[in-house]
Number of protein chains: 10
Amino acid sequence: MDRLEVTEKIIAAKVSSGIKWSEVAAKVGLSKEWVTAACLGQMTLSAEQAGVLAEIFSLTAEEAKWLTVTPYKGSLPTSVPTDPLIYRFYELVNVYGSTFKALIHEEFGDGIMSAIDFKMDLQRENDPNGDRVRILMSGKFLPYKQY
Amino acid sequence: MDRLEVTEKIIAAKVSSGIKWSEVAAKVGLSKEWVTAACLGQMTLSAEQAGVLAEIFSLTAEEAKWLTVTPYKGSLPTSVPTDPLIYRFYELVNVYGSTFKALIHEEFGDGIMSAIDFKMDLQRENDPNGDRVRILMSGKFLPYKQY
Amino acid sequence: MDRLEVTEKIIAAKVSSGIKWSEVAAKVGLSKEWVTAACLGQMTLSAEQAGVLAEIFSLTAEEAKWLTVTPYKGSLPTSVPTDPLIYRFYELVNVYGSTFKALIHEEFGDGIMSAIDFKMDLQRENDPNGDRVRILMSGKFLPYKQY
Amino acid sequence: MDRLEVTEKIIAAKVSSGIKWSEVAAKVGLSKEWVTAACLGQMTLSAEQAGVLAEIFSLTAEEAKWLTVTPYKGSLPTSVPTDPLIYRFYELVNVYGSTFKALIHEEFGDGIMSAIDFKMDLQRENDPNGDRVRILMSGKFLPYKQY
Amino acid sequence: MDRLEVTEKIIAAKVSSGIKWSEVAAKVGLSKEWVTAACLGQMTLSAEQAGVLAEIFSLTAEEAKWLTVTPYKGSLPTSVPTDPLIYRFYELVNVYGSTFKALIHEEFGDGIMSAIDFKMDLQRENDPNGDRVRILMSGKFLPYKQY
Amino acid sequence: MDRLEVTEKIIAAKVSSGIKWSEVAAKVGLSKEWVTAACLGQMTLSAEQAGVLAEIFSLTAEEAKWLTVTPYKGSLPTSVPTDPLIYRFYELVNVYGSTFKALIHEEFGDGIMSAIDFKMDLQRENDPNGDRVRILMSGKFLPYKQY
Amino acid sequence: MDRLEVTEKIIAAKVSSGIKWSEVAAKVGLSKEWVTAACLGQMTLSAEQAGVLAEIFSLTAEEAKWLTVTPYKGSLPTSVPTDPLIYRFYELVNVYGSTFKALIHEEFGDGIMSAIDFKMDLQRENDPNGDRVRILMSGKFLPYKQY
Amino acid sequence: MDRLEVTEKIIAAKVSSGIKWSEVAAKVGLSKEWVTAACLGQMTLSAEQAGVLAEIFSLTAEEAKWLTVTPYKGSLPTSVPTDPLIYRFYELVNVYGSTFKALIHEEFGDGIMSAIDFKMDLQRENDPNGDRVRILMSGKFLPYKQY
Amino acid sequence: MDRLEVTEKIIAAKVSSGIKWSEVAAKVGLSKEWVTAACLGQMTLSAEQAGVLAEIFSLTAEEAKWLTVTPYKGSLPTSVPTDPLIYRFYELVNVYGSTFKALIHEEFGDGIMSAIDFKMDLQRENDPNGDRVRILMSGKFLPYKQY
Amino acid sequence: MDRLEVTEKIIAAKVSSGIKWSEVAAKVGLSKEWVTAACLGQMTLSAEQAGVLAEIFSLTAEEAKWLTVTPYKGSLPTSVPTDPLIYRFYELVNVYGSTFKALIHEEFGDGIMSAIDFKMDLQRENDPNGDRVRILMSGKFLPYKQY
């Protein structure tokens with residue numbers, strides 16, 4: 001048994017039960033973004049949180065234990081994603097990557113936006129011309145220091 | 001002459017003059033995100049806008065004309081970026097890609113967040129534990145339709 | 001269980017029963033192009049449509065449920081396809097890609113032809129010199145906007 | 001000198017003069033699709049046609065001669081295109097590739113749609129919900145034969 | 001079940017029984033080149049031909065049916081083959097590719113040698129300095145046409 | 001200066017003069033296949049043969065000397081060729097590779113067809129249904145030996 | 001002009017003058033590790049520091065200005081390095097990568113060792129069996145947090 | 001059975017029992033770095049050491065024997081790692097690779113730091129600004145010699 | 001069943017029994033280099049030789065038969081090997097490849113060293129500074145001929 | 001100026017003068033293998049040795065200085081070589097790689113054959129069936145040690 005098998009069991013159980021990610025998140029008591037990522041094998045849960053998921057998805061004690069082990073991360077099967085929804089994010093990195101770099105360095109100097117000390121919030125934005133996906137990302141700026 | 005040479009000339013002129021992207025954007029009268037992307041060879045300008053850039057960066061009429069031609073987009077030299085700042089965005093796609101997909105489909109059904117009908121806003125977020133980079137993305141949801 | 005297994009079961013059942021894709025489409029009441037893509041794991045069906053497929057291909061209720069979940073898309077095993085029929089389409093993109101780009105931008109300005117708000121129709125074209133494959137594609141033009 | 005340099009000279013001359021591909025095609029007396037592909041280095045012209053292009057784009061006799069030599073084809077810099085417009089066509093191949101294959105074989109048996117004995121027509125399709133790009137492709141079906 | 005499993009069963013049955021490809025071809029009544037390719041999962045058989053193979057290799061009716069479905073072609077596990085015999089053919093394409101191109105265009109103009117309307121014959125060529133492999137390939141020339 | 005520059009000069013000189021590869025070969029006194037490959041930078045010439053080419057293509061003594069140095073071989077810019085004519089040969093390797101392997105081993109045992117002790121002949125084959133490209137390849141069989 | 005040209009000029013000037021990296025670092029007043037990385041185009045200098053380098057390597061004012069612009073980082077030409085010295089570090093990541101991951105997570109929980117808030121010290125370690133390279137790395141641990 | 005299966009069984013047993021790598025190392029009597037690497041399938045154990053691991057992880061005699069066979073090394077699933085923790089080490093090689101090379105050659109001349117005659121020590125470094133990961137690497141310098 | 005399964009069974013049986021490759025070779029009556037390669041799935045055995053291996057490794061008649069079929073060769077999982085021992089050979093090709101080419105052509109003219117009509121001998125070389133691996137390779141030179 | 005330019009100048013000078021690698025080596029006073037590798041940009045020379053080469057190849061003092069700087073190694077343009085002579089060595093690694101690994105570990109235990117403390121000797125081996133290339137490689141065995 002490994003984490004991948006637990007992830008697949010969670011996904012199958014979710015399809016079978018019809019529960020929503022936002023409902024799972026509410027039971028865990030954290031944001032839907034972090035909880036979904038955790039269920040999809042990208043984050044590490046506490047024993048207590050794993051217990052909540054175990055109950056929702058009928059996991060065994062052995063399976064729940066895997067949720068508390070830091071996983072090997074990366075949720076995509078190829079380095080350039082083939083799924084159209086995910087590709088659009090890759091396209092944003094490709095088209096706007098140099099813009100992200102230029103503007104963040106202009107404002108903060110040399111360094112990066114952390115992808116670890118990071119959080120995000122994904123919402124529907126009502127719009128008469130068609131609703132929009134609104135994603136707010138917030139990552140700590142980490143400066144390169146001289147030594 | 002091609003667009004790439006114009007982009008390189010703009011970058012060199014910017015280093016030489018010390019003007020900021022936000023100042024360039026103010027002169028063009030649009031957001032700093034869009035204007036920076038355009039200067040970096042990813043967007044198409046009107047003749048008038050190209051004229052403003054030509055003045056700022058001392059471009060010839062021939063060079064300014066290239067800014068009005070739709071460019072071949074993609075601003076990164078490799079499919080997995082090597083620059084640490086840009087890589088962090090690729091990492092977000094890699095770690096959170098399946099989460100983006102799960103949550104957007106849960107809220108909107110099958111479809112994508114447009115990377116064309118899209119805008120973003122990048123700001124400094126003051127924080128006593130270290131300032132943060134705050135990025136607000138907004139893209140129209142485009143549903144797959146049956147036919 | 002996952003969507004791939006359902007796709008494989010559908011394909012095997014189709015080989016076994018000898019039913020045609022156009023007949024499947026007629027029972028679902030949509031175009032043969034969309035229905036075939038859905039059966040091959042690329043589109044999302046309503047519960048009712050999934051029920052029709054379940055009957056045709058003897059799927060269990062669990063399997064039918066998977067057809068209503070948005071799949072991870074991409075139907076080819078390699079980034080450059082090896083199958084001669086599919087490669088010819090890749091070759092068209094390779095040889096005519098810059099032509100598509102030049103002509104669409106000339107007519108519409110900067111933007112893309114949507115691959116989401118998209119439909120197509122594939123027909124036999126009788127021709128005394130050998131019949132031809134006729135494909136009519138129609139995708140909404142999405143302009144890049146300034147912000 | 002090689003064909004690539006002639007292609008680059010043509011593109012630069014077109015940007016400089018502002019002539020449209022459809023106008024170039026009208027002067028050559030062929031479709032805009034074929035002529036654009038030829039100008040972009042993908043097709044072979046007769047001496048007479050090369051002469052027409054030479055006049056439009058101020059090519060030397062030496063440069064015009066290169067237009068009559070069959071070029072090494074392929075107009076994209078990477079195997080997965082980064083430009084959003086061209087990528088959408090690649091995405092269609094990726095998502096619908098197995099559908100193309102299934103439907104063409106169902107109608108015609110084993111074989112391919114030729115990408116050589118092929119023509120296409122690209123038009124604007126007026127639509128109150130936003131104009132559409134309409135592409136009609138027609139390629140001869142070539143059957144595999146037993147021997 | 002899929003075509004790959006049928007191919008593997010045929011190969012295993014052939015190893016087990018010791019029958020030769022040329023003997024299989026004689027029973028099918030076609031060339032050994034085409035029949036071997038079909039057995040290795042690259043060509044489509046008629047129901048009658050599939051029946052002959054079913055008898056030779058003890059296939060079930062279900063398995064025989066798969067032989068009549070057009071397969072996803074491509075018989076090599078990597079894009080640059082590692083097997084020394086197959087690599088030599090790839091090397092010929094690599095070393096002589098530009099020569100094939102130059103000589104065929106010189107003789108025929110712009111176009112290709114079809115790999116679909118194609119046949120070949122592979123024979124032993126007796127030679128006192130060591131026998132030789134003699135391969136005769138014949139493919140229809142398909143010209144690019146203007147439109 | 002290197003061999004590549006000499007190759008490019010030869011190609012440019014050929015375009016300019018309009019001489020045919022078969023005429024070049026006749027002057028050298030060898031087959032058009034070998035001579036074309038040599039001119040395209042894949043084979044090594046004697047000083048005398050280089051002298052013949054130098055006269056045809058107006059090469060300097062220095063340039064002619066490069067023709068007598070064994071070149072770094074491989075005439076294609078990518079591992080999977082993008083040019084449709086050359087791709088068809090790659091496709092043959094991909095589709096028929098396992099067939100070549102099966103039939104050559106059946107006839108000769110373990111070993112390879114040499115791509116070094118190799119010659120070929122490329123001819124037009126008149127055919128009322130459209131002329132055909134006829135390629136006869138002959139390579140020495142080299143057996144693996146036990147030691 | 002771009003940063004890469006400045007890097008190449010620095011390297012050429014260093015070869016020509018014979019100055020050591022440690023001497024350059026002493027003049028800048030920082031560690032040899034950081035200063036070498038900066039000279040090789042990976043770090044951003046202050047105007048004053050750039051002035052010191054300009055004097056050492058005879059850079060123009062324009063060239064010195066480029067040293068104060070955050071560069072596009074990544075100092076290797078291929079994703080798997082070919083140089084034996086650099087490859088050994090890649091090998092360590094390949095062989096010990098899962099060990100780094102296991103031990104850091106065991107000690108710190110889920111998170112990463114920062115490659116930004118990072119410093120290192122490289123020294124000769126005298127050893128009778130042959131001197132050793134001793135590298136001390138120190139990077140801040142950054143924990144993933146729940147939100 | 002192969003080494004990979006034994007590695008997977010060890011990892012699963014470790015998750016199940018909750019034992020720490022440092023405790024395993026203490027029982028084996030070697031550093032936690034070497035022992036973890038060995039458990040993860042990268043090093044070769046003596047029969048006695050394998051016996052200790054067999055007891056800790058309930059391995060069969062057959063499985064323990066595999067631990068004494070030199071494994072095929074390499075612990076990462078892709079050539080550029082996707083896991084953020086491991087990627088940071090790859091990033092260090094990418095950003096600092098040329099610096100490693102420059103400083104080691106300056107101190108030692110042409111040669112490499114051995115990744116075989118190598119040891120390392122990984123520790124927590126307490127720091128009021130956030131604890132740090134401290135890695136001390138020591139590898140023998142191996143000079144290229146002339147012959 | 002296929003050759004790979006037989007190879008895996010041989011390796012597992014070898015680990016289990018503890019027999020050495022040199023002992024296996026002695027029983028077969030050929031060099032340890034050829035016999036090891038054959039056991040690892042790279043060479044073809046006679047029925048008699050396969051019988052010897054069947055006895056040593058307890059293979060069934062069916063499994064032994066697979067040893068007499070020419071295998072698909074290539075024994076490495078990735079095109080650039082990750083295992084440090086095997087990588088060193090790849091490094092030699094990378095660093096010394098152009099030297100091999102230069103010296104062999106200087107001595108023999110245009111052609112190759114055969115990897116088919118090839119044998120090698122691998123021995124321990126006692127040395128007071130540490131024993132050495134000594135590999136003697138001998139391959140027939142095959143000249144390119146003109147035709 | 002960089003090392004690559006010096007390498008290219010050496011190669012061009014060698015073609016022009018017709019001197020042999022073995023003659024160059026004799027003047028330097030080292031083996032032809034090491035000296036050729038050094039001339040091809042893979043090894044580092046002393047100032048004195050660089051002076052000998054400078055005289056042979058008419059290098060400037062500046063160019064000679066580059067020969068004393070440790071180069072970025074790797075002499076092949078692609079990770080899988082396309083040149084037939086060099087490919088055969090890659091093929092040996094591919095086919096015999098697992099055999100090298102098996103036999104060296106059997107004789108020496110876990111470790112590698114050094115590619116640094118390494119020398120080789122390449123000779124013609126007269127043979128009535130065709131002369132052979134004989135390569136003797138000798139590399140120090142480096143054992144992995146426990147710590």
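Guide: Let us begin with a definition: two strands are said to pair if DSSP finds at least two bridges between them. Helices (H or I, at least four residues) and strands (E, at least two) are themselves DSSP runs, numbered from the N terminus. This is a predicted model, in which local features need pLDDT of at least 70 and side-chain atom pairs count only at pLDDT 80 or more, while totals for chains, interfaces and linings use all residues. Residues are numbered from 1 along each chain as its sequence is written, chains are lettered from A and ligands numbered from 1 in the order in which they are written, and side-chain values use heavy atoms, with hydrogens and water left out.

Visitor: Okay, what does chain A have in the way of helices and strands?

Guide: Chain A has six helices and two strands, and along the sequence these come in the pattern α-α-α-α-α-α-β-β. Its C-alpha atoms fill a box of roughly 50 × 50 × 30 Å when the box is taken along the principal axes.

Visitor: How many bridges join β1 and β2 in chain E?

Guide: Eleven bridges join β1 (residues 111-125) of chain E to β2 (residues 132-143) of chain E, and the two strands run antiparallel. Within that pairing, Ile112(E) stands opposite Leu142(E). The hairpin has six residues between the strands, and Gly130(E) takes a positive phi near 120 degrees there.

Visitor: Let's switch to G and H. How many residues are in contact between them?

Guide: Counting contact as heavy atoms within 4.5 Å, 68 residues of chain G are in contact with 68 residues of chain H. The area buried between them is about 6700 Å², and carbon and sulfur atoms give 67% of that area. Buried area here is the accessible area (1.4 Å probe) that two parts lose on being put together, summed over both.

Visitor: And how many salt bridges are there across it?

Guide: The rule, which asks for a side-chain nitrogen of Lys or Arg within 4 Å of a carboxyl oxygen of Asp or Glu, finds six salt bridges across the interface of chain G and chain H. In one salt bridge, the side chains of Arg132(H) and Asp117(G) meet at 3.0 Å, N to O.

Visitor: Which element gives the largest share of G's side?

Guide: That is α6(G), which supplies 24 residues of the side of chain G that touches chain H. By class, this side has 33 nonpolar, 16 polar and 19 charged residues, where Ala, Val, Leu, Ile, Met, Phe, Trp, Tyr, Cys and Pro count as nonpolar, Asp, Glu, Lys and Arg as charged, and the others, Gly among them, as polar.

Visitor: What rotation superposes G on H?

Guide: A rotation of 180 degrees with 0.0 Å of shift along its axis superposes chain G on chain H, with an RMSD of 0.0 Å. That is the relation of a two-fold axis. Copies are superposed by least squares on the C-alpha atoms of residues with pLDDT of at least 70 in both. Of the residues of chain G, Leu136(G) comes closest to the axis, at 2.3 Å for its C-alpha. The copies meet through the same surface, because 100% of the interface residues of chain G are also interface residues in chain H.

Visitor: New topic: how many residues of H are in contact with A?

Guide: 14 residues of chain H are in contact with twelve residues of chain A, and the two chains bury about 1000 Å² between them, 57% of it on carbon and sulfur atoms. Val15(H), Ser16(H) and Asp83(H) supply 42% of the area that chain H buries against chain A, more than any other three residues. The count of salt bridges between these chains is zero, while five residue pairs are in polar contact.

Visitor: And what rotation goes with that pair?

Guide: Chain H is superposed on chain A by a rotation of 72 degrees with 0.0 Å of shift along its axis, with an RMSD of 0.0 Å. The two copies are thus related as by a five-fold rotation axis. In chain H, the C-alpha nearest that axis belongs to Thr78(H), 8.4 Å from it.

Notes
Polar contact = N/O pair within 3.5 Å; in protein donor to acceptor, adjacent residues only side chain to side chain.
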